Amino acid sequence: MLQNDLLLRALRGEQTERTPVWMMRQAGRYLPEYMVLREKYGFFERCQTPELACEITLQPVDIVGVDAAILFSDILVVPQAMGLEVQLIESKGPVLPDPIKTIKDLDRVRVPDVHETLGYVFDAIKLIKKELNDRVPLIGFAGAPWTLLCYMVQGKGSKTFDEAKAFCYTQPETAHRLLQMITDTTIAYLKAQVKAGADTVQIFDSWGGLLSPHDFENLSLKYIRQIVHAVKDEVPTIIFAKGAWHSLDSMAATGAHGLGIDWCIKPELARQFAGNNITLQGNFDPAKLLAPIPVIQQEVKNMLTAFGPGRHIANLGHGILPNVPVDHARAFVDAVKEFKHR
Ligand code: CP3
């Protein structure tokens, strides 16, 4: 039995004494304790060594007091397991030196046995569950197929992912074959995360908002829906599709338990679009954690009031920024914990 199961109860739509809180990318460069390990080990070495992944996962639980741990890993370990080389280059972000450009490149990609290729993730989860000792739930995760395709085709980060879009618009059959391969891998991957001990899973579609509503359905949600259907009866499932507010209704209709929203939509409107039968998660502007602490405290109150009591998980609208002072992150978490709905 978990000592703090606020997050899971909020996802199931049960009453909670207060709103649960965690932060996307909460294990990361804003924490000096993370930077110490970053000096010593490479990024994928940190992901692939269960003891390191475990230590990093627990840092924000111990240091900022969040109500959930999220596995320390990356969405790009899936393209890696599928056969593509992925590098993480300081100041450049992810680089895939041999991206997918044509149907011939699919010969280099496979739907792998996840236990053979990603076993280190499941070992990390087992260790994390042991070290957490039921203090808070553990969130597992994967990237949405569309967001992974963006990196697998573009080969690096981008503001527009124009090459990834051009690939989908000019070679739709190849794109859909790749999306289905990613989907099949992700379903096996998330099921194995759950088997290893993940209490809930989140699907990150960071670039879903780059697509028109029609293309979002065709290139992204169609595949997210398959993933949600495969795992939602095992654990509560959260979809975070940044910028895709236009499709909150169809995302809610997948049967997911939670929907992440960013700061570019009013909570009242998000609720109207999503309906009453789903938990909303968000939506603090990550850059607002750079504001003075009293401003953060007031803005947290405004956010919680706007969402209202119940079916809400406090979070940022995207990942925490590396230049956020730790005491500002803690002030955000504390302000949520202290708030009382009247
Ligand atoms: O949330 C957590 O604390 C868990 C760990 C986590 C990481 N990446 C660790 C990480 C999670 C959930 C992710 C997801 C992820 N990775 C996404 C989706 C969420 C989002 O922010 O949109 C995306 C798009 C990626 C791909 C990725 N990984 C990028 C673009 C970068 C470079 C940019 C950056 O933030 O540095 C990474 C590297 C990465 N993943 C770091 C961390 C802690 C920083 C690596 C470092 O410099 O130490």
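**View 1. Overall fold of the protein.** The predicted model contains 15 helices and nine strands. Its radius of gyration is 19 Å, close to the 20 Å that the globule rule gives for 342 residues, so the protein is as compact as a globular protein of that length. The C-alpha atoms fill a box of roughly 60 × 45 × 35 Å along the principal axes. Buried residues account for 49% of the 342 residues.

**View 2. The open sheet of seven strands.** The strands follow the order β1-β4-β5-β6-β7-β8-β9, with parallel pairing. β1 (69-70) and β9 (312-316) are at the edges and have a single partner strand each, so one side of each lacks a neighbour in the sheet.

**View 3. Strand β6 and its two partners.** Five bridges connect β5 (residues 200-205) to β6 in parallel, and Gln202 has Ile238 of β6 as its bridge partner. Three bridges pair β6 with β7 (residues 258-260), also in the parallel sense.

View 4. All five of the five residues in β6 (residues 237-241) are buried. Thr237, Ile239 and Ala241 point one way from the strand, while Ile238 and Phe240 point the other way. Together, β5, helix α11 (residues 213-231) and β6 form a right-handed β-α-β unit.

**View 5. The β8 and β9 pair.** Strand β8 (residues 279-284) runs parallel to β9 and is joined to it by five bridges. Phe284 is opposite Leu316 in β9.

Technical notes:
Residues are numbered from 1 along each chain as its sequence is written. This is a predicted model: local features need pLDDT of at least 70, side-chain atom pairs count only at pLDDT 80 or more; totals for chains, interfaces and linings use all residues. Two strands pair if DSSP finds at least two bridges between them. Helices (H or I, at least four residues) and strands (E, at least two) are DSSP runs, numbered from the N terminus. The radius of gyration is taken over C-alpha atoms; the globule rule is 2.2 Å times the number of residues to the power 0.38. A residue is buried if 20 or more other C-beta atoms lie within 10 Å of its own, exposed if 12 or fewer, and partly exposed in between; C-beta atoms are placed from the backbone. A crossover is right-handed if, with the strands pointing away from the viewer, the path from the first strand over the helix to the second runs clockwise.
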